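User: Could you walk me through reading a ligand site and the pocket around it? I'd like the general idea, then the case at hand.

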Amino acid sequence: MAEVLVLAEHTHGGEVKKVTVELLTAARRLGEPSVVWAGPGAEAGRERLAEFGAARVYVADSADFSDYVVAPVAGLLAQLVGKKAPAAVLVAGTAEGKEIAGRLAVKTGSGVLTDAVDVTAADDGAPLAEHANFGGAITAHARATAGTPIIAVRPNAIAAAPAAADAEIVPVEFAASDAAKAARITERVIAEKGERPDLTEAQIVVSGGRGTGSADGFKIIEEFADSLGAAVGASRAVTDAGWYPHQFQVGQTGKTVSPQLYMAVGISGAIQHRAGMQTSKTIIAINKDPEAPIFEIADYAIVGDLFEVVPPLIEEVGKRK
Ligand SMILES: Cc1cc2nc3c(=O)[nH]c(=O)nc-3n(C[C@H](O)[C@H](O)[C@H](O)COP(=O)(O)OP(=O)(O)OC[C@H]3O[C@@H](n4cnc5c(N)ncnc54)[C@H](O)[C@@H]3O)c2cc1C
């Protein structure tokens, strides 16, 4: 069976990011997945990789990956593409992943497909990337016509499904070239993170829109999220108004989320917002306008003033803890 390389996104401690198991799920449709692990922590992450179908894990545990920016990772992937001739390389469609994909495509003379929302095999077995364009209004399928297809897949677009495999650890010798060491990391600052789960990894997301009325009004969204142990999201109307930071914006020009439960509170449901949340498992919308477009995709609709609907919900959730 053809080998498919999957670049692992992980912490140095070996925590495997959710997008990696999504990539493994997609890779299994194309062939036998092999994970590429750059840096330390592979042993700690191995069990999770095995659970989602990694046949083997190529591990290059070199300080080059932590001391320099993305170029060494692209170098490692190029080395493995040369040696293994895989059917495809899948990376996360994050800022880093997309830069790695571009560099790898140049190094290997390959076609690169970014922002894929799904990956399947065409009738002839070739990897096919699905793209949601214009905020999801148009779906396009694309295939690479040169070299090894390199596909950057949007986090949270594919539902991860387990399938046990060995995840055999295979050490790889790697030394970054001088050119790859041109930009050095001089300092790392850990982003301050509160108690709330990460927006793109959370099981529950509570998002607020312009209906909250102000930065002060938006606090009810945080309170609601905290009662559920959820992450907070926001529409662009909210982030543009400065009521909540931009990093929490959900949508076409924000984050893509796909939680078990998405609550849209005072959000109209513009196509650009839906592009970032429509794959959520269950969607509950609270809006005072019964004609709001968000209700077209909601599983449960609550028509009412959010300032009247949300407080009793918070109270009820509190009683059940
Ligand atoms: C290129 C481009 C990219 C974009 N990218 C994004 C993106 O990534 N994410 C995004 O969100 N938007 C994005 N937008 C903006 C998008 O088109 C909408 O303008 C935006 O999503 C609207 O946000 P909203 O639903 O909060 O506000 P509105 O559309 O103003 O809706 C507010 C809703 O709240 C309801 N409401 C008001 N008061 C209450 C109340 N008291 N109780 C209950 N309901 C109430 C109203 O009925 C209404 O439905 C983008 C636009 C463009 C052109």
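**Reading the ligand site**

Analyst: Happy to! Sorted by class, the shell around the ligand holds 14 polar, five nonpolar and five charged residues. Keep in mind that this is a predicted model.

User: Which residues come nearest to the ligand?

Analyst: The ligand has 24 residues around it, and those that come nearest are Arg 210, Ser 235, Thr 253, Ser 268 and Asn 287.

User: Which side chains have polar atoms by the ligand's nitrogen and oxygen atoms?

Analyst: Look for pairs of N or O atoms within 3.5 Å. Thr 253 places a polar side-chain atom 2.6 Å from a ligand nitrogen, and Gln 249 has one 2.8 Å from a ligand oxygen. In Asp 305, a side-chain N or O atom is 3.1 Å from a nitrogen of the ligand. As for cover, the ligand on its own has 990 Å² of accessible area, of which the protein covers 76%.

User: And how do I find the space the ligand takes?

Analyst: Rolling a water-sized probe over the atoms shows where empty space is left. Here, the ligand takes up the space of the second largest pocket. Two elements, α7 (236-240) and α8 (271-274), each give two or more residues to the shell around the ligand.

User: What lines that second largest pocket?

Analyst: Its lining has 26 residues, with Arg 210, Ser 235, Gly 266, Ile 267 and Ser 268 nearest the centre. Elements giving two or more residues to this lining are α7, α8, β14 (282-287) and α9 (306-319). By class, the lining divides into 14 polar, eight nonpolar and four charged residues. The second largest pocket contains about 480 Å³ of space.

Note on methods
Residues are numbered from 1 along each chain as its sequence is written. This is a predicted model: local features need pLDDT of at least 70, side-chain atom pairs count only at pLDDT 80 or more; totals for chains, interfaces and linings use all residues. Side-chain values use heavy atoms; hydrogens and water are left out. A residue is near a molecule or strand if one of its heavy atoms lies within 4 Å of it. A polar contact is a pair of N or O atoms within 3.5 Å; within protein, one must be able to donate a hydrogen and the other to accept it, and residues adjacent in sequence count only if both atoms are side-chain atoms. Accessible areas come from the Shrake-Rupley method with a 1.4 Å probe; for residues, only the protein chains shown count as cover. On a 1 Å grid over the protein atoms alone, a cavity is a set of points where a 1.4 Å probe fits but cannot get out, and a pocket is an open set with protein on both sides within 12 Å along at least five of seven lines; lining residues have an atom within 4 Å of a point. A molecule sits in a cavity or pocket if more than half of its atoms lie within 2 Å of its grid points. Helices (H or I, at least four residues) and strands (E, at least two) are DSSP runs, numbered from the N terminus. Ala, Val, Leu, Ile, Met, Phe, Trp, Tyr, Cys and Pro count as nonpolar, Asp, Glu, Lys and Arg as charged, and the others, Gly among them, as polar. Grid points are joined across faces, edges and corners, and a volume is the space filled by probe spheres set on the points.
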